[in-house]
Amino acid sequence: MQALTSGMDDLRKVLGNVKVRGIWGEYQLGGILEQFLTSAQYVANFVPDPISRESVEYAVKFPGRDGAATPLHLPIDAKFPQEDFLRLVEASESGDAADVRAAREGLMRAVRKAAKDISAKYVRPPVTTDFAVMFLPTESLFAEVAREPGLLEEMQREYRVSIAGPTTLAALLTSLRMGFHSLAIEQRAGEVRELLGAVKAEFGKFNDTIARAQKQI
């Protein structure tokens with residue numbers, strides 16, 4: 001029990017450091033992207049605006065509009081307002097309704113501020129998509145944010161930011177991967193048609209050869 005308590009204290013110290021916690025969230029985001037996309041389909045530390053030089057942690061690469069060579073990027077940034085979330089958890093455990101309400105309002109303020117920062121720094125059409133994704137690295141944190149009435153819609157409407165937890169981000173990336181596959185098939189459709197045309201021509205020649213052989217026999 002002493003060893004377990006020591007380990008939990010070490011974990012609390014790690015997650016209590018804002019910088020280390022941010023690196024942990026970024027690392028988890030990178031791991032999910034690596035599982036669902038190829039290395040050519042996303043980029044790390046992408047700079048949407050060369051003037052501000054603000055870099056978003058990751059950006060998914062889409063083909064450019066109307067066949068343009070320059071790709072379009074979807075910014076994804078990890079946020080982990082742990083202090084506000086822990087205050088809400090502790091207030092819920094104490095059963096004090098006023099503390100719960102105050103802690104929830106604090107958490108929602110932190111989420112709104114994070115969404116506003118992401119929108120201001122990283123949403124830069126036509127270099128990026130007209131929206132970004134805020135990644136919350138734990139399912140419990142995402143669940144608390146998602147259960148707030150109208151908050152997800154407000155983030156999309158006011159700041160053009162969609163909020164995702166680990167599972168919802170995985171679902172989003174899965175749908176994007178299917179879109180990439182469909183696009184690749186569409187781009188190769190012309191080559192397939194040419195190949196089928198060549199095969200048809202070869203079969204025509206083969207039929208002529210068989211016909212001539214049949215006459216000679």
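Asn-45 counts as partly exposed, at 47% relative accessibility (buried is under 20% relative accessible area, exposed over 50%, partly exposed in between, with a 1.4 Å probe and protein chains only). Asn-45 is found in strand β1. Phi of Asn-45 is near 55 degrees, a positive value in a residue other than glycine.

Arg-160 also has a positive phi, about 55 degrees, and is not a glycine. Arg-160 sits in the loop between α6 and β5. Its relative accessible area is 38%, so Arg-160 is partly exposed. From Pro-125 to Pro-126 the bond is cis, with omega near 5 degrees. Pro-126 belongs to the loop between α4 and β4. Most residues other than glycine have a negative phi, and most peptide bonds are trans.

## Basis of the model

This is a predicted model: local features need pLDDT of at least 70, side-chain atom pairs count only at pLDDT 80 or more, and totals for chains, interfaces and linings use all residues. Residues are numbered from 1 along each chain as its sequence is written, and side-chain values use heavy atoms, with hydrogens and water left out.

## Overall architecture

The protein chain has seven helices and five strands (DSSP runs numbered from the N terminus: helices are H or I with at least four residues, strands are E with at least two). From the N terminus the order is α-α-β-β-β-α-α-β-α-α-β-α.

Of the 217 residues in the protein chain, 35% are buried. Among contacts with a separation of 6 or more, 63% join residues 24 or more positions apart (contact means heavy atoms within 4.5 Å).

## Strands β1, β2 and β3

β2 pairs with both β1 and β3 (pairing needs at least two DSSP bridges between two strands). Four bridges join β1, residues 42–46, to β2, and the two run antiparallel. Val-43 stands opposite Ala-59 in β2. Five bridges link β2 to β3, residues 72–78, also antiparallel. Lys-61 has His-73 in β3 as its bridge partner. β2 is mostly covered, with six of its seven residues buried.

## Helix α4

α4 has 26 residues. From first C-alpha to last it reaches 37 Å, close to the expected 38 Å (1.5 Å times one less than the number of residues). Asp-96 caps the N-terminal end of α4, with a side-chain oxygen 2.9 Å from the backbone nitrogen of Ala-98. Buried residues of α4 include Ala-103, Leu-107, Val-111, Ala-115 and Tyr-122.

## Nonpolar cores

The largest nonpolar core has 27 residues (a nonpolar core is a set of buried Ala, Val, Leu, Ile, Met, Phe, Trp, Tyr and Cys residues joined through side-chain atoms within 4.5 Å). Val-111, Met-134 and Ile-163 touch the most other members. Elements that each supply at least two residues include β2 (56–62), α3 (82–94), β4 (132–135) and β5 (161–164). α4 gives the most, with eight residues.

Leaving out residues up to four places away in sequence, Met-134 touches Val-111, Ala-114, Ala-115, Ile-118 and Ile-163, among others. A second, separate core holds 21 residues, including Phe-36, Leu-37, Ile-76 and Val-133. In soluble globular proteins, nonpolar side chains tend to be buried together.

Terms used. Polar contact = N/O pair within 3.5 Å; in protein donor to acceptor, adjacent residues only side chain to side chain.
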